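Biologist: I'm new to reading structures, so please pick one part of this one and take me through it slowly. I'd like to hear how its pieces sit against each other.

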Amino acid sequence: MSSRPGLPAPSDTQPTSSAGTSELRAQLPAIEPERQVTDWGRSERIEGLMDKTVYDWLYHYWFRCEVEGIENVPSTGGALIVSNHSGALPPDAAMITKAIKEEHARPRPLHLTVEHFFKGYPGFSMLVAKIGGVPAHPANVHRLLADEEQLVLVFPEGRKGTEKLYKDRYKLRRFGRGGFVEAAMRAKAPIVPVAVVGAEEAMPIFAHMTLLQRMTGLLYFPITPTFPHLGLAGFLGYLPAKFHIRFLEPVATDQWGEEPWQDRGLVQTVADEIRSRVQEELIDMLSARRSVWFG
Amino acid sequence: MRRVLVTGVSSYWGGKLAQALEQDPDVETIVGVSPHDPTLELERTEFVRVGTQHALLRRIVQAAEIDTVIDSRLVVDSIAASPREAHEVNVIGTMNILAACGGPDSPVRKVVFKSSAHYYGCERDDPAFFTEPMQRPNAPRTRLESDIVEAENAVHGFAERNPQVTVTVLRFANGLGPDLDTSHGRVLRLPAVPCILGFDPRYQFVHEDDIVGALEYAVSNDLPGVYNVAGDGVLVLSEIASLLGRPLAPVLPPWGTGLAAAGLRLAGVRIPEEMAQQLRYGRGLDNRKLKAAGCRLRYTTREAVQKLAEDLRVRELRQGAGAPYRYEREVEEFLRYSPSVRRRAEREADSSAR
C-alpha cells in the first residue's frame, strides 16, 4: 500500500526547513479569549449550534455514518484532506467534519475551502464563513496549513463534482489543475485522501435548469427529489442513504526535494495518483455495499 | 540627529506625528508643510504654508538639509476631499514631493510614505489576509483606489531610481479612534450600524495612536519596503456592532446597493463607494512583516473598537465640558519669535547675573 506504482519515487535531498516561516508563525495574532469569532469569520456559537442540532442528528441517525481509518488524520500539524464531492447541497463536508470530531483521538476543527461565489452571494456570505468555510484562495490554504497548522478540507472536483447528475455517480471528475497538491507541497503538509460513499444518493441531481440558474445567479439550479417543488426547505431534504467515510493513508509532500511544485509534471502525477486512489477505494467500497440505505 | 520634513501637517495624523517627533531628542529639526493651517498645537515644529510645488519644496529640503521626509498627506477617504482634489493631492502631489526629494545632490536619505490598504481593493476573489507582495486581483474599481495605486507606483519608481534613499511604504488598514474623522468612524457612531443585507464582512482597524506610532517607528528605524499596518485580529461587522452596543441595520439591499447608498446620503449618512465594497466583502491584512520588523502596535482591532465604544459613552459629556484647544497661529508665533517674549533661559541668566 505504501509504495504504489503511480507515486513518483522520493528524492534524496531532504528539504531544509526555512527559518522565515517559523519566524512569521511566531507573529500570528494572539487568541483573544473573549471573542467567539475567529479571524476567518468562523463563529464557535453558530457552528456549535449547527453541530449540536443538524449535524449530530444527520451523522448518527439519518446517514448513520461509518468511519474507517480515522488514525490517518494527523493529530498535530497542518494536513490537507482531499475528498470526492457530490450532492446538490453537499452533506459530505459536514459529515467529514463531524467524523473527525466524533471519532478522532484529538479532534480539531476542519476548515472547508469553498468557492469564491459564496463570499459574493447574500446570505451564503454570512453563513458559510460562520460554519467554517474559507474561500478557496491558494494564500488562504497556505496560511491555514503552514502558519496556523490546521486541517483543511478540499474538494478538488469542485463544482464539477456537485453538479454531476445521478447517472454519473461515483465517477470522479478531473481533480482541478493540481492546485491542491501544490498548496500542500508549499506548506509541506501531508495529503489525506478520503472516499465518501452515500452522499451521491443523499441528494441526487436529476437535471439542471439553466434558465433559473441564470435568473437567480446561483452556481446551479438543480432538480432533486425534493427541490424545487418543496421550495427552499426541499434543499435540506436529504434521502437517508447510509454513509461510509474512509480516510486513506496520508501522502507526504516533502519527499520530493526542494520546491517540488516547480515541476508541473510531478504535481499532475501526484494529483492523478490521489484521484485514482480515491476512485479505487470508492469502487472497493461500492462493491461491498449491499444496499444504498442500509449499507 | 535627524532633520525631518512632514507633509500634510495640517491633517490629524500629520499633526500628531509632528507632536510625537517633538518629544524625540534624536530629531533635531521638524519642518511641517501644508497648504492649510495646522489643527493641532505644535511647539518645536516650523510650519511653512506651501502646497506641493516641487521647486519650493526642493528649496526647503536643500536649505534645511532635510534627511527624512514623511509624506502623510495622502487622501484615503472619499469624505476628506472631492474626487478631483483627491486626484490632485494623491497623484500630482506625490509626484511633486518625490521630485523634490530625488536627485544626486539631495540630502534626503529616507522617505516614509503613508499609504492605505485601499491599494489592495476589496473584491470577492480576494485572499482572507493580504500580504505585501500581493497584487490586487482586479483592476481598481473606484477613482480613489486607482489614485492610491498610481501614487504608490510613483513611490516604488522613486525607490528604484534612488537606491541611496530608504523608502518605507506603510499600508494602513482603516483608522479608528475617538479623534479621527473617517467615513467608517462616522457610520459606527450612528445609533445603528448600517450593513448590506445578507453580508457580515470581516474588518480590521488600526487605532489612531498606532497610526502615529507606526509612522514614528519608521522614522527612527530603517524599514525599506512595504509594510501592512493593521491591528491584530479581524472582526466581523456583527461583532463590531455588539462591541459598540449598537444594533445592525440591514438598510442596504444586496442588489442596487449604490442606489440605496445615494438615498442614504440624502438622509445624511454617507457611504462612499470604497466603503460599500468593504461592507460587502470585507478585508483582512497580514501584519506579521511589520511585527517581525519589531514594531509593536498597542491596540488590537477589538481594542480599537472598544476605545471607540468608550468614547461614544462619554462623548456628549466631553463636548459639553468645553471646546478643545485650537491652535492659534499668531499667538504661537508671537510666543516663539517676538523679541518681547523673555525666554526662560534668558530669565535664568538674568537672575543669576543679578
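Modeller: Let's begin where two chains touch: the contact takes 23 residues from chain B and 25 residues from chain A. On chain B's side, helix α10 (residues 288-292) gives the most, with three residues. Sorted by class, the side of chain B that touches chain A has ten nonpolar, four polar and nine charged residues. Keep in mind that this is a predicted model.

Now let's stay with chain B and look at how its helices pack. Take helix α1 (residues 12-22) of chain B and helix α6 (residues 208-220) of chain B: their axes are 9 Å apart, and the angle between them is about 55°. That angle makes α1(B) oblique to α6(B), and their crossing is right-handed. Who does the touching? From α1(B) come W13(B), K16(B), L17(B), A20(B) and L21(B), while α6(B) brings I211(B), V212(B), L215(B), E216(B) and V219(B). The contact of α1(B) with α6(B) has eight nonpolar residues, two charged ones and no polar ones.

Next comes another pair, helix α2 (residues 54-63) of chain B and helix α3 (residues 83-101) of chain B, whose axes come within 8 Å and cross at roughly 35°. The crossing of α2(B) and α3(B) is right-handed. Here H54(B), L57(B), R58(B) and V61(B) in α2(B) meet N96(B), I97(B), A99(B), A100(B) and C101(B) in α3(B). By class, the contact of α2(B) with α3(B) splits into six nonpolar, two polar and one charged.

Time for some strands. In strand β8 (residues 193-196) of chain B, V193(B) and C195(B) point one way and P194(B) and I196(B) the other, yet all are buried. β8(B) runs parallel to strand β13 (residues 248-252) of chain B, and three bridges join the two. One to find on screen: I196(B) has L252(B) as its bridge partner in β13(B).

Finally, have a look at helix α7 (residues 237-244) of chain B. Its buried residues are L237(B), E239(B), I240(B), A241(B) and L243(B).

Key:
Residues numbered from 1 in each chain as written. Chains lettered and ligands numbered in written order. Predicted model: local features only at pLDDT ≥ 70, side-chain atom pairs only at ≥ 80, totals over all residues. Axes fitted to C-alpha atoms, helices over the stretch in contact; angles between N-to-C directions. Helix = DSSP H or I, 4+ residues; strand = E, 2+ residues; numbered from the N terminus. Parallel < 35°, antiparallel > 145°, perpendicular 65-115°, else oblique. Left-handed = near helix turned anticlockwise from the far one by under 90°. Contact = placed C-beta atoms within 7 Å. Nonpolar A, V, L, I, M, F, W, Y, C, P; charged D, E, K, R; others polar. Buried ≥ 20, exposed ≤ 12 C-beta atoms within 10 Å, placed from the backbone. Pairing = 2+ DSSP bridges.
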